[in-house]
Amino acid sequence: MRMYEFTSESVTEGHPDKVADQISDAILDFCFKDDPYSRVAAEVLTTTGLVHVAGEITTKTRIDYEKLIRGVVREIGYDKEEFGFNYKSLGIIVSVKEQSPDIALGVNKSLESKLGELDETLGAGDQGIMFGYATRETEELMPMPIMLAHKLVKKLAEVRKNGVLPFLRPDGKSQVTVGYNDRKPKSVTKVIISAQHDPDVDMDTLKEAIIESVIKKVIPEDMLVNSEYIINPTGRFVIGGPMGDTGLTGRKTIVDTYGGMARNGGGCFSGKDPTKVDRSASYMARYVAKNLVASGVADRVEIQVAYAIGKAKPVSIFVETFGTGRVPEEKIENFIKEKMDFTPGGIIKRFNLRRPIYKKTAAYGHFGWEEYPWEKLDLVPLFKELL
């Protein structure tokens, strides 16, 4: 029996890094509308009055970058000149080339298929390691600190956009500390919210409004026992968004995944088409981990998958159940290797990933939301065979 605290953070869709992620994924979605076989690696930098797009894009789709980017920025809420980052007046620079033919060589047709070991299939777009994770501590089978942090910033955006708290601006952060007893969440001990706001709002009004209209609407009452609320710790937060800080695609990988509760492979998701296993294999690993937990094989599961560029099959699959497994981990690993298709082509087919579904994943995390195909629990009957 051990008592401890664990903390995770999330950021709003108006955070400069998330602005960059959403633009990157909006470009990917736009490419997929007319060309489902587009190869996209779109990187974005945002700063005061400027969006710079770079990367490698091979597509038959004609992209109107100006219209696309301004539409994303407007939707997020940067629609006033005083924000210092405004969809009407921002400058846009595009520095895009096609995918390297050396990379395409291994992706278009895997090394195994050339050797006759597999049918013609996609090879991995790069070497790397990916992790998937699931735990019983929430109904989403996600760690509680990151799910609450996501829901808080999502609520911040909601009350800003629907006029409940009209003095809020798009940028913001949340941080949630959960107290655990023997690995079970018992209470939320601290909540930190940093919310960008209009310059004339009274700080006491801001704090009370966020506590009542955001925190208490999101976190269950029975978890808020002697909780400490820290709202805008430095006081004033008027200058924010890309005017206050430079944003870059892929800089919030902990926010995008499990809030630090599980290991992180290091590769980001946004702006990458699903031949990039940084993205697609991470989705697959989460899918398998979640179904293993839901089936009762273990209460906590972490899966590592590793790839070599140009090869379709993973070079390794590792399962950790943290002492909560009801069958040996080696048995789970062997079962996964036998039953699950972790090749890029197999993952793309299972989740139907060659379609425009990515922009909405670029804010509030890629996991835990039931509308995403990798969150389905359709493998539970299969994994119950392990028990």
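This is a predicted model: local features need pLDDT of at least 70, side-chain atom pairs count only at pLDDT 80 or more; totals for chains, interfaces and linings use all residues.
Two strands pair if DSSP finds at least two bridges between them.

**View 1. Strand β3 beside strand β4.** Strand β3 covers residues 50-58. It is joined to β4 by 7 bridges. The two strands run parallel.

**View 2. D198 in its loop.** D198 is placed in the loop between β7 (184-197) and α6 (203-218). Is D198 buried or exposed? Its relative accessible area is 18%, and buried means under 20%, so D198 is buried. The side chain of D198 makes a polar contact of 3.0 Å with the side chain of R169. Leaving aside residues up to four places away in sequence, D198 touches P166, F167, R169 and V238.

**View 3. The aromatic pair F269 and Y283.** A pair of aromatic rings is described by the distance of the centres and the angle of the planes. For F269 and Y283, the centres are 5.7 Å apart and the planes are at 65°. This pair is edge-to-face. F269 belongs to the loop between α8 (253-256) and α9 (277-294). Y283 belongs to helix α9 itself, 14 residues apart from F269. The pair thus links distant parts of the chain. F269 counts as buried, at 4% relative accessibility. Y283 is buried too, with a relative accessible area of 0%.

**View 4. The aromatic cluster.** How many aromatic pairs does the structure hold? The structure holds 15 aromatic pairs. One aromatic cluster takes in Y133, Y258, F269, Y283, Y287, F322, F351, F367, Y372 and W374. The pair from the previous view, F269 and Y283, is part of this cluster.

**View 5. Charged ends over rings.** Which ring lies under the charged end of R300? The charged end of R300 sits over the ring of F322, 4.0 Å from its centre. F322 is also a member of the aromatic cluster. Elsewhere, the charged end of K154 sits over the ring of W369, 4.0 Å from its centre.

How values were computed. Residues are numbered from 1 along each chain as its sequence is written. Side-chain values use heavy atoms; hydrogens and water are left out. Helices (H or I, at least four residues) and strands (E, at least two) are DSSP runs, numbered from the N terminus. Buried means under 20% relative accessible area, exposed over 50%, partly exposed in between (1.4 Å probe, protein chains only). A polar contact is a pair of N or O atoms within 3.5 Å; within protein, one must be able to donate a hydrogen and the other to accept it, and residues adjacent in sequence count only if both atoms are side-chain atoms. Contact means heavy atoms within 4.5 Å. Rings of Phe, Tyr and Trp (its six-membered ring) pair if their centres lie within 6.5 Å; planes under 30 degrees apart count as stacked, over 60 as edge-to-face and the rest as tilted. A charge sits over a ring if NZ of Lys or CZ of Arg is within 6 Å of the ring centre and within 35 degrees of the ring normal.
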